[in-house]
Amino acid sequence: MQVSVRMLDGFAVQVDGAPIPARRWSRRQAAALVKLLALSPGGRLHRDRVVDALWPELSVDLALPRLHKAAHYARTALADRDAVVLKGDVVALFPGAMLEVDAGAFEAAADAALAADPASPELCAKALVLAGELLPDDLAEPWLDGPRDRLRLQVMRLLRGAGRWESLLAMDPANEEAHVELLREAVVSGDRPTGLRRYARMQHALSTELGISPGLEAVVLRDRLLAAESVAPPRSAEVVSGPQGSTDLVERDAELAELTAAVGTAVDEGRGVVVLVSGEAGAGKSALVRTFADGLSRAIKVGIGGCDDLLAPRSLGPFRDMAESDAELAAALSGDRLDTALPGLLRAFSACPSVVVVEDIHWADDATLDAIRFLARRFPAIPAVLVLTFRETGVDAGHPLRQLLGSLAGSAVRRVTLPPLSVEAVRRLGATSTREAVEIHRVTQGNPFFVTEVLAAGETDVPPTVRDAVLARLGRLSPSARMLLERLSVIPSRAERRLAESLAGDQPVLVEAERSGMLIGTDATLAFRHELARRAIESSLTAGERIGANRAVVDRLLEDPAAEPSRLVHHAERCGRTDVILEYGPAAALEAARLGAHRQAVGVLDVVLRHRELLGSSEAAELLTRRAYSLYVVNRFEAALESASAAVGAAEEAGDASRLADALLVLARVVMFGHGPMRARLAAAQAVELLETTGDDARLAAALIEQARAHSNLATVGIVAEPSARAERYAERALAIGLRLGRQDLEAQAGCYLGDARLARGDARGDEDLRRAISLAGADSRIETLVRCYVNAAGGAYRSGRLDDAERYVAAGLRAAADGEFFAGQYRLRLTDAAVQASRGHWDLAIADLGALLDSPGEPGLMEALARSVLARLLARRGDSTAGEVLAVALADRALADDSFVVGPLAAARIELGWLDGSLGALTDDAQRALRLAEAAGHRSMHGELCTYLRRAGIDVPAPADVPGPWAATLAGQWQEAAAAWGRLGDRYEQAVVLATAPDRQARAHGLLTLRELGAAGTTLAV
């Protein structure tokens, strides 16, 4: 028997091809039963679930007669006595028949279409043909809300995959991606009026729905429309000015074609492309991209820059290289803030079809990586190609480049890997015979640079290493030319021609060096033909020769008023010029940190602070504070804590109140994530006390913000908020100061903690506080401020039971964090998302996300312990024996042993594990300690949770007073109120446990059924 059920855009049933007349469905409950079963996997559903959906107001005993009656009328309508079968606890629709449901067929087609990354537009379009509105005549049925939302989400994902942006906006008016794509289409087609109307529509929708403004991609596209260029862009056939090739570039035609095709896509479709060019050192990456760039049409704007292998590379160095010949880029980089430089770069590259080449990004500073990350996310919206070259080798899992590469995915990203040359290629490059080509290929393994150096050296025997080949070639030059190249070898990347001339002295050796092919240059700069050649020569120098060469470079750079401090420090550190380090190091570190290159700032400050005995206490305090903040941003909490503590000591020694306040504020921020909020409260309180009488209101506001932060729910991982009147008072004071001073950065930071505090006590104004804070934070140059606002907004929404809003804030926060590196904020957002999924009952997803968090590189501090507590509890609930191992790692960290906000969640997890496996027979010392810490800290939500789980384990403990949230009703034994409260918050598990342990038989059955649906096998046994 074959049964077909139509649920989309109406309801109809066919049995063996014969339609069931609509008049037979006069009994509403009979039709509802068939619909409910048809939407269930295999057409089967537990009896209690049927009752809960169709007669939620009745007990099972009272509802069973109605169920039998509905089944009878359904069988009558379907003219089959086996159409609806009640057997045991299961109700089934046509058991044994082939059941086809159009909603199920649609979901299967959608899953298949969306399985690929990126999704197939063709498959998405085919799946959409099957879509429809689920049972439109039953909009008032609550049991349809979940399936309806699920199908709606699938339709939206399919519309995105198929590129049907208008249809997507009809369903989700604030979908920013859809607005941007429609705006881009208008730009590509040159339809200015339509484009501007679409921008206005986007502006209105985002403001109305989310309280935010259009992002930079949209602004750039709007600016292009307003510019209304009169010169038509080139067609793809015109992107190449002539044949792309070189007598020195062999076996790279396919790679050149890939790069050229990327430009064609950008020009024809107005859709940018990111091309990742990888290969070992000497594989010919630079030769490839420069040959490609040289062959492009003059209608294509080309910018090429490289990263430096310096102690602290120039911040945004590659883009500064490009700016030397581009006034628009120079203007974009003329400011002192990264948040203004990056939009300026994007506008410059979007003004016309562009190709941007950044070489050697494995040496990139943090600011350059942030710029690449920023541009790579936005290039798909403009007619530009971003080409990035890098070495795969020597880049470990913790390297910042790995994080960047991991974030670059999708149809706009293409990868080009350069393979070694063949024997035939070696022969074409100049080997005198096939035999010689084979031998050269054997020794060089086909590395293009090694091959060309061997051939250029002209030796009878093939040199065994690149170094030998380079030095053999160097040996053929005059002593003066060799000395010049040895001096230049200590300068990474490139040197100004005037610097090289100065190092050469009176002897005319530059021409000889260039003619030898070892140096290549322009009118302004000189560089070794390859970094491998420079390193080969540098490695051949004695220690004294290297020191002397670096000293000579420092002396010449000091004569140049425009010399960058970072270059001076690099060479001064290598020749022992302490005076230069102390004079220029702080400025170099400040420049790096200001532009977001915090790792490089730390590197420079480490060099400076090696000579701390030569610094005054006040200056040492300032540098240690700056170092601590940079370490905090790059997620090195323990080192940051050590540096911040040392800064406090130095400031106290100096008697400098301002320096001490700054050090304490950074200490509070660092210790919050490193050890917990209790120690952060102490540092922030000391700063507030210090600043109350100084008249420095801006610093006082910052200290109050840290106090509010330390009393906030930032460290709360559960769904029940901890109300804090102190947090609210501190935030209100800070906000008032920020408003008086006109400091939007202070307003944003204070507002996000005020919103969190208000939501924690049920004040709906908190949501508006958080939305305003997010809006204000967009103007702050520090990505940390905006991400912190999203962290608090996501957490506040989660702990208010607004799980959909929490997920939206998480997604928005992660998008904002993708523009820069603020690991702690990203980690906290992902932890909140995992907690949301756990509360929803999506345990597979939560467990996978938490596992990925714990496997991610970095130093997450207390957040790792919180993540382990959540993961261990989920695993234990499922009866997974690895739960104890997961938790044991966090319990072993004694640095987290004195803070209720960390000890509490770990103790609660340990108690739950003991309850579930039956091993907790008495009140343990750890549990008692956690209870004492919670009581001392006023951590009432944690106190309530600990007592609840101890009681569940059979250990009688007194209930604390004034417990917030559903814990109060749970502890009081008011199971109906508790279950309703957990339901309002959206925590299915806690609601199920309350019901499963209730005195009412129906409630127990309902709770056990939910636990089985969650997969909580361990909990089911325990209750």
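Student: Which residues touch the most other members in the largest nonpolar core?
Tutor: In this predicted model, they are Leu485, Leu488, Tyr632 and Tyr989, out of the 217 residues in that core.

Student: And which helix gives the most to this core?
Tutor: Helix H32, residues 657–674, with 12 residues.

Student: Take Leu485. What does Leu485 touch, not counting residues up to four places away in sequence?
Tutor: Leu485 touches Leu474, Leu477, Ala513, Met518, Leu519, Phe528 and Ile537.

Student: How many residues are in the second, separate core?
Tutor: That one has 62 residues, including Leu33, Leu39, Ala63 and Leu93.

Student: New topic, helix packing. At what angle do H28 and H29 pack?
Tutor: About 165°, and their axes are 8 Å apart. H28 covers residues 578–594 and H29 covers residues 598–609. Angles over 145 degrees count as roughly antiparallel, so H28 is roughly antiparallel to H29.

Student: Which residues of H28 and H29 make the contact?
Tutor: Among them are Ile581, Leu582 and Pro586 of H28, and Val604, Leu605 and Val608 of H29. The residues of this contact divide into 12 nonpolar, 3 polar and no charged.

Student: Is the crossing of H28 and H29 left-handed or right-handed?
Tutor: Left-handed.

Student: What about H5 and H6, at what angle do they pack?
Tutor: H5, residues 121–129, and H6, residues 145–162, pack at about 140° with their axes 8 Å apart. The two helices are therefore oblique to each other. Their crossing is left-handed.

Student: Which residues make that contact?
Tutor: H5 uses Pro121, Cys124, Ala125, Ala127 and Leu128, while H6 uses Val155, Leu158, Leu159, Gly161 and Ala162. They divide into 9 nonpolar, 1 polar and no charged.

Notes: Residues numbered from 1 in each chain as written. Predicted model: local features only at pLDDT ≥ 70, side-chain atom pairs only at ≥ 80, totals over all residues. Heavy atoms only, no water. Axes fitted to C-alpha atoms, helices over the stretch in contact; angles between N-to-C directions. Helix = DSSP H or I, 4+ residues; strand = E, 2+ residues; numbered from the N terminus. Parallel < 35°, antiparallel > 145°, perpendicular 65-115°, else oblique. Left-handed = near helix turned anticlockwise from the far one by under 90°. Contact = heavy atoms within 4.5 Å. Nonpolar A, V, L, I, M, F, W, Y, C, P; charged D, E, K, R; others polar. Core = buried A, V, L, I, M, F, W, Y, C linked by side-chain atoms within 4.5 Å. Buried < 20%, exposed > 50% of the residue type's maximum accessible area, 1.4 Å probe, protein only.
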